[in-house]
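Me: Please take me through the terms applied to this structure, and set each value against its definition.

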Amino acid sequence: MHFNSKTLEFDKVIALIKQKAHTLKGKEIVECFHPTNNSLEITRLLKETNHALKILNMYKEPPFGGIRDLSETLQKAKIYSILRPNEFLNVVGLIEASLNNIRFYSQVKENGIFDEDLDVYFLNISKIPNLKSQIEQVITIDGNIYDNATNDLLKIRNKIKRNETKMNERLNNILHTQKSKLAESLITIRNNRFVVPVKLSEKNNFKGTIIDYSSSGETAYMEPASVAEINNQNSLLRLDEQKEIERILRDLTIKVAEHHYPLINNFKILTEIDAIFAKAKWANIYDCTIPEITENEISLRKARHPLIKQEDVIANTITFNAGERLIIITGPNTGGKTVALKTMGLLSIMVQSGILIPVDEESKTMIFDNIFADIGDEQSIEQSLSTFSSHMTRIIDIIDNLSVGSLILLDELGSGTDPKEGASLAISILDYIRVRGVYVIATTHYPELKAYAYNKSEIVNASVEFDVDTLSPTFRLLLGTPGKSNALLISERLGLNKKIIDTAKENVLTSQTEVSDLINKLEKQGNTLDSKIQDYELLIAKSKEAVNKNEKLKIDLLKEKQLLSKKISVEQSQIIQETKQLALNLIKELEDMKKEGVIKGHQIADLKYKTKQLDKEEERVSSTKDHIYMPGDLVNILKFNRTGELIKKQKNNHWIVKMGALSSQFDENQIEFIEKKKPQKLKSKMKSTIKKHVRSELDLRGMRYEEAKVELDRYIDDCLVVNMPFASIIHGFGTLTLRKLVKTYLDKNNQVEKHRDGEGNEGGQGVTIVYFK
């Protein structure tokens, strides 16, 4: 593969994208972007970037805070080289960033962005449980070790604090009792020892050891004899403290090493995501899109050179129609020929590097095996090469390395030598390469190449437009229209003597006049067609803008609906909880009435059960169940209040519905149509029926007394609600505590007609059979 990336200034595009990356590793990944001719790889990269762009436009940027380059740190941990506290904090930062991005992508799906191109990244981020909390329990956010990191460390530091308190007391006493011998009344530390500043003249009269002198030499910093022993103890304790800290850090390092793979994998994934979103952010600024990759079609609609200021760049459409392989561009200097050439080459390299390009939607391009470019006058002084020799050296290299499916860009082909020889050589070169299955764009001043293009169906004449009224180029590329010389017209407009102009016109050869007339005619036809195309493109742009506004409005309305639904759910939940509390208070009063025999037990049990159901979600019924659903319809899943897409219809009016990466099956009554114009809604029907299945036996074995009591009370209530005639309660033998509980409870319950021990085939005395009234 040959890609003349530097000639086409691809490195400058990379530098702009690199600025958009957050992490150092992400910037390194961007620097490594390079073109390939693997169509599957290119398609994957483009779709990933387009998915990221969609997330930026419809939601927001992923959180990349806290990600540091942990390659070296994790390698140290892998070989059990003890990590420093700041390195552990970087590990915590990575874990937090991983969790934040897992939550972020979940929110992306909730916001209706169901593309799956970035699933391979976000869904493979590991959560790494416990490690973050294990580190945070030991290391403070400032990188220090907590006193209570271990019991031993706590004991050591407490001893040090007690000793320091003793020393402060003794030193403060010295400050008061020996004030005359001190240079100033203060306690300081020198060489990790507590000292006081003593006048040099009093050093022999002060009981203690000289630790240091002041810079002037007038003060001796002395450790009093009364604190020397305590200082020595603290020195030993600090050695013990450091050993304990090293042990703690060693244990933490082992824990990090145990998670080496998921940590390094998360770091790799997050930095790759950073690089992808850097491309997307750059694409968003330059209004880039994803072109359709084809086998043999090229149509870059309103292509813009990304290195020219957006407010100055002129958009041009570059198209190779079916059967066309070569475009020859003519026109004045500084008219935009070379820019058009570079735009085609640079955008092609960008596409093949997985970068979106500044073109209109519905653009098409193809994958080139090689992209060659001979652009500019790059004379080699060292090799003593002229302009012509420099161009020819590069062209020879291109011819030697070209292959079928290459893109060749030739600027000022044949220039730098005699015009007739240069034109002849240019035609010969084009004849040689055009039959070898390559695509070529060449710029030239030679009129012979215009006539050459007319004779070949696969060659297209093109030019850059020149405004004769303003005497300046418009930089617009006109496909199908060859350029012409405007020298006489420009000279006349500038005021050259009319006789000179007339004489010059008479000297123009007849054949050249005929060619000029033909060019003029074609130019007029081309301008007319170009004007119509512009009107058509403007109409399409307005239509697309209206469609985009409608889509945005639809998304905003759906979000508003979901927010209102959540708000209503919260309000309903509050009302239900309040109602439930009132009901429970009422039941308590009824319980008191039950004791007086005013109300029956099974009625209370029924009220209890219904009260427990108050906070259970009611089943919502679709308000568009009469709609005829089709695959691809966007629907709201009532159960989850989430948007999904219908994939395939199943039996009994069931559909497979896709929600992000997940698919599930729902009945048509459980979904609500939201994509097309809604039919008149039917009033929602709310179901609130109580259906309960109660087992014929209750097993209390293995339960504690209080737990068994609650379960027994709940079970008897359930039996009364469904009017069961009898039930079996298994309590086993054991210490007979559960048996006594059951018998006592049943004796006091006035809804129990009778109860007995089980028969031999029913479990004997380990089972009680209860009969209800």
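Reply: Buried means under 20% relative accessible area, exposed over 50%, and partly exposed in between (1.4 Å probe, protein chains only). This is a predicted model, in which local features need pLDDT of at least 70, side-chain atom pairs count only at pLDDT 80 or more, and totals for chains, interfaces and linings use all residues. Residues are numbered from 1 along each chain as its sequence is written, and side-chain values use heavy atoms, with hydrogens and water left out.

Me: Why is His-260 called buried?

Reply: The relative accessibility of His-260 is 16%; the limit is under 20%, so His-260 counts as buried. His-260 is found in helix α10 (residues 260–285); helices (H or I, at least four residues) and strands (E, at least two) are DSSP runs, numbered from the N terminus.

Me: What makes Leu-74 and Lys-78 contacts of His-260?

Reply: Contact means heavy atoms within 4.5 Å. His-260 is in contact with both residues, leaving aside its neighbours within four places in sequence.

Me: How do you know that β8 is mostly covered?

Reply: Five of the five residues of strand β8 (residues 326–330) are buried. Leu-326, Ile-328 and Thr-330 point one way, and Ile-327 and Ile-329 the other way.

Me: What makes β8 and β12 a pair of strands?

Reply: Two strands pair if DSSP finds at least two bridges between them. Five bridges join β8 to β12 (residues 439–444), and the strands run parallel; Ile-327 has Ile-441 as its bridge partner in β12. β8 also pairs in the parallel sense with β13 (residues 459–467) over five bridges, where Leu-326 stands opposite Ile-459.
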